[in-house]
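Biologist: Please take me through this structure by question and answer, starting with its charged pairs.

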Amino acid sequence: MSAPPPVPAGTTEPLGNGDTARASLEALRSEIAKAVVGQDPAVTGLVVALLCRGHVLLEGVPGVAKTLLVRALAASLELDTKRVQFTPDLMPSDVTGSLVYDARTAEFSFQPGPVFTHLLLADEINRTPPKTQSSLLEAMEERQVTVDGTPRQLPDPFLVAATQNPVEYEGTYPLPEAQLDRFLLKLIVPLPSREEEINVLTRHSEGFNPRDLKSAGIRPVAGPADLEAARNAVARTKVSPEIAGYVVDICRATRESPSLSLGVSPRGATALLSTARAWAWLTGRDYVIPDDVKALALPTLRHRIQLRPEAEMEGVTPDSVITAVLAHVPVPR
């Protein structure tokens, strides 16, 4: 997945709020680039997740600006953001909030946890036990948390951006398949190229402070109203029966792959169709084509499949399996 091209002049979508919202979201990339060098695919993936009301798993080694990326996105969208460092001793109430006794009123009152925000950065989510990991499930799926039997709605928009380190597994608790399936996208945040890394060092030598985004010149270029208009426009993006069949055929092919013990579920197929619609709209169309499905197949499906141990020992990866499936499934014309 790469950054979408500028909106073509002959787009079939009528002019209106959708075009204004698209232009605002397009401006996010240049705004975030004031703080984050490169990482255009990750930026676009986060925007796609916001459009689809989904959540994102960011995978990359420490020091590739995963936290800075989420903070810059929140500043560019004028949204609230909070960060939780997941550790082995983190309790579910540390995430969702808890009831606190007020001696003045002799009553218990609810103290909201960090999950009550627009963009929640769950840092190193695989370093906390399953009990705490599961505290996010209701928030991610139902967009609410229940404390003492009372459901409490989360803000809208609400996105969980969870990070994990792909090379250091000591003392970690791998996310179960049921929770992985709740993430709309799994985005790989790679190491920068030599030129990009030189750019990073140059910025720091010139006084850039990653903890002070205002000094970097980042300003809000879009807001919740733009995001809502964009979501409405995405909902109007047309999907032909042939495209729906293509998505289903891709997902069913993963279930028949000899390299996999677990293929993509129907929920994964729904997710792929949703992200393809958002991608089509971002590229300036009000209908989905096969290339939109191909563009989002890897980030949408790579965390929803499970390799057989023998395939993993032979060097097979989830991305290579999905790439092979895309090469063999007939493309509708």
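Biologist: Is glutamate 124 buried, partly exposed or exposed?

Modeller: The model is predicted, and the state given here is computed from it. Buried requires a value under 20% and exposed a value over 50%. The relative accessible area of glutamate 124 is 22%, so this residue counts as partly exposed.

Biologist: Which residue does the side chain of glutamate 124 meet in a salt bridge?

Modeller: The N to O distance of the pair is 3.1 Å, and the cut-off is 4 Å. The partner of glutamate 124 is arginine 127.

Biologist: How far apart are the closest N and O atoms of arginine 285 and aspartate 292?

Modeller: Arginine 285 is buried at 15% relative accessible area, and aspartate 292 is buried at 1%. The two residues form a salt bridge, and their closest N and O atoms are apart by 2.7 Å.

Biologist: Aspartate 319 forms a salt bridge with arginine 302; how many residues apart in sequence are the parts that this pair ties together?

Modeller: The closest N and O atoms of this pair are 2.9 Å apart. Aspartate 319 is partly exposed at 26%, whereas arginine 302 is buried at 13%. Aspartate 319 belongs to helix α14 (residues 318-328) and arginine 302 to the loop between α12 (290-301) and β11 (306-307), so the parts tied together are apart in sequence by 17 residues.

Biologist: How many salt bridges does a search of the whole structure find?

Modeller: Salt bridges with shared partners join Asp181, Arg267 and Arg304 into one network. For the whole structure, the search gives 13.

Biologist: Which strands are at the edges of the five-stranded open sheet?

Modeller: The pairing in this sheet is parallel, and the strand order is β2-β5-β8-β1-β9. An edge strand pairs on one side only, which gives β2 (81-85) and β9 (185-188).

Biologist: Which residue in β8 stands opposite leucine 58?

Modeller: Strands β1 (residues 56-59) and β8 (residues 159-164) run parallel and are joined by four bridges. Opposite leucine 58 stands threonine 163.

Definitions and conventions. Residues are numbered from 1 along each chain as its sequence is written. This is a predicted model: local features need pLDDT of at least 70, side-chain atom pairs count only at pLDDT 80 or more; totals for chains, interfaces and linings use all residues. Side-chain values use heavy atoms; hydrogens and water are left out. Two strands pair if DSSP finds at least two bridges between them. Helices (H or I, at least four residues) and strands (E, at least two) are DSSP runs, numbered from the N terminus. Buried means under 20% relative accessible area, exposed over 50%, partly exposed in between (1.4 Å probe, protein chains only).
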